[in-house]
Amino acid sequence: MKGKLRQQYAELRNGISDKLKKDSVIAASFLNSDFYKGADEILCYYPIKSEIGTLEIISKAIEDGKKLLLPVCHENKGVMQFYRIKDFTELKSGKYGIQEPDTEKCKALDCFTNAVCIVPAYAYDLRGFRLGYGGGYYDRFLADFKFTTIGLCYDELVADVLPKDKFDIKVDYIITDMRVIKTTEED
C-alpha cells in the first residue's frame with residue numbers, strides 16, 4: 001500500500017507549481033521560526049529531485065554559526081549518521097548522486113545538546129506521520145534521539161491520515177508554504 005502511495009505522492013510532488021517560490025517561503029518560515037533561532041544544531045538533508053529545497057537553510061545555518069549536519073547512510077549497517085559540514089566543499093557525491101558529507105573531512109556527531117532535525121518525506125499527515133522513502137533510516141535514527149523534529153511539505157501534500165507501521169516515528173511540526181502545523185498527539 002505504501003509503495004503505491006509513494007508513487008502517487010511522488011507524481012504529485014513532481015507536478016507542484018511555483019516550486020521555487022514555495023521552497024523559498026518554506027525555508028523563510030523555518031529560518032524565522034523559534035525552532036531555528038533557538039537551536040544550536042540543525043540536522044538537515046541535501047535536496048534531490050523534487051524534494052523541498054533546503055540549500056537556503058543549509059547556507060544560512062552555516063553563515064549563522066550553527067552546527068549544520070547532513071546525513072550519510074551506511075547501507076551495510078542499515079544506519080544513518082549525521083556529519084557536521086562547515087561549507088559546501090566538504091560534500092561529495094554519494095549513492096544515487098546525492099550530495100553528502102565527505103566522511104574523510106567531516107566529523108560525525110551522535111550527541112546533540114539543542115538540535116532540530118528536518119525530516120524528508122513525500123507527504124505528511126496531520127498526526128505527523130510521514131510517507132518516507134521506504135528505507136527506514138530516519139525512523140531508526142529518530143528512535144534513538146529526543147529533539148524537535150520538523151517536516152517540510154507542500155501544503156497540498158498534507159493528508160488527514162496516512163498509513164503507519166509500528167516503527168514509524170512522527171515529526172513534531174510540519175512547515176508548509178501556507179502554515180505551521182503542530183502535529184496531534186494521538187496515533
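This is a predicted model: local features need pLDDT of at least 70, side-chain atom pairs count only at pLDDT 80 or more; totals for chains, interfaces and linings use all residues.
Visitor: Which residues have the most contacts inside the largest nonpolar core?

Guide: The general idea is that in soluble globular proteins, nonpolar side chains tend to be buried together. Here the largest nonpolar core has 59 residues, and those with the most contacts inside it are Y9, F30, I42, L43 and L152. Strand β7 (residues 115–119) gives the largest share of this core, five residues.

Visitor: What is L43 in contact with, leaving aside its neighbours within four places in sequence?

Guide: The contacts of L43 include A115, V116, C117 and I118, and β7 covers residues 115–119.

Visitor: Where is F82 found, and is F82 buried or exposed?

Guide: F82 is in strand β3 (residues 79–85). F82 is buried, with a relative accessible area of 0%. Not counting residues up to four places away in sequence, F82 touches L43, C44, L69, L70, P71, K107, A108, L109, Y138 and F141. F82 and P101 are 19 residues apart in sequence, and their C-alpha atoms are 8.5 Å apart.

Visitor: How do I read a helix, and which residues of α1 are buried?

Guide: Start with the length. Helix α1 (residues 2–14) has 13 residues and should span 18 Å at 1.5 Å a residue; its end C-alpha atoms are 18 Å apart, so the two values agree. Then look at burial. In α1 the buried residues are K2, L5, R6, Y9, A10 and R13. They cover an arc of only 135 degrees around the axis, so they sit on the same side of α1. On the other side, K4, Q7, E11 and N14 are exposed.

Visitor: What do the buried residues of α1 pack against?

Guide: They pack against β8 (123–125), β9 (130–131) and β11 (158–159).

Visitor: Which residues of helix α4 are buried?

Guide: In α4 (residues 55–63) they are I57, I58 and A61. Seen down the axis, these buried residues fall within an arc of 100 degrees, so they line one face of α4. Just after α4, G65 has a positive phi of about 80 degrees.

Visitor: How should I read charged pairs, and how many salt bridges are there?

Guide: Side chains of opposite charge can pair when their charged atoms come close. The count here is eight salt bridges. One of them joins the side chains of E156 and K22, at 2.9 Å from N to O. E156 lies in the loop between β10 (148–152) and β11, and K22 in helix α2 (residues 19–31), so the pair ties together parts that are 134 residues apart in sequence. E156 is partly exposed at 43% relative accessibility, whereas K22 is buried at 15%.

Visitor: What does K60 pair with?

Guide: K60 meets E63 in a salt bridge (3.7 Å, N to O). These two residues are three apart in helix α4, which means that about one helical turn separates them. K60 also forms a salt bridge with D64, with the closest N and O atoms 3.1 Å apart. K60 is partly exposed at 30%, as is D64 at 37%, while E63 is exposed at 63%. Elsewhere, K2, D165 and D168 are linked in a network of salt bridges.

Visitor: How many disulfides are there?

Guide: A search of the whole structure finds zero. For C106, the nearest cysteine sulfur is that of C44, 15 Å away. The closest cysteine sulfur to that of C153 is also in C44, at 15 Å, which is too far for a bond. C106 is buried at 9% relative accessible area, and C153 is buried at 3%.

Methods. Residues are numbered from 1 along each chain as its sequence is written. Side-chain values use heavy atoms; hydrogens and water are left out. A nonpolar core is a set of buried Ala, Val, Leu, Ile, Met, Phe, Trp, Tyr and Cys residues joined through side-chain atoms within 4.5 Å. Buried means under 20% relative accessible area, exposed over 50%, partly exposed in between (1.4 Å probe, protein chains only). Helices (H or I, at least four residues) and strands (E, at least two) are DSSP runs, numbered from the N terminus. Contact means heavy atoms within 4.5 Å. The expected span of a helix is 1.5 Å times one less than its number of residues. The arc is that of the directions from the helix axis to the C-beta atoms. A disulfide is a pair of cysteine sulfur atoms within 2.5 Å. A salt bridge is a side-chain nitrogen of Lys or Arg within 4 Å of a carboxyl oxygen of Asp or Glu.
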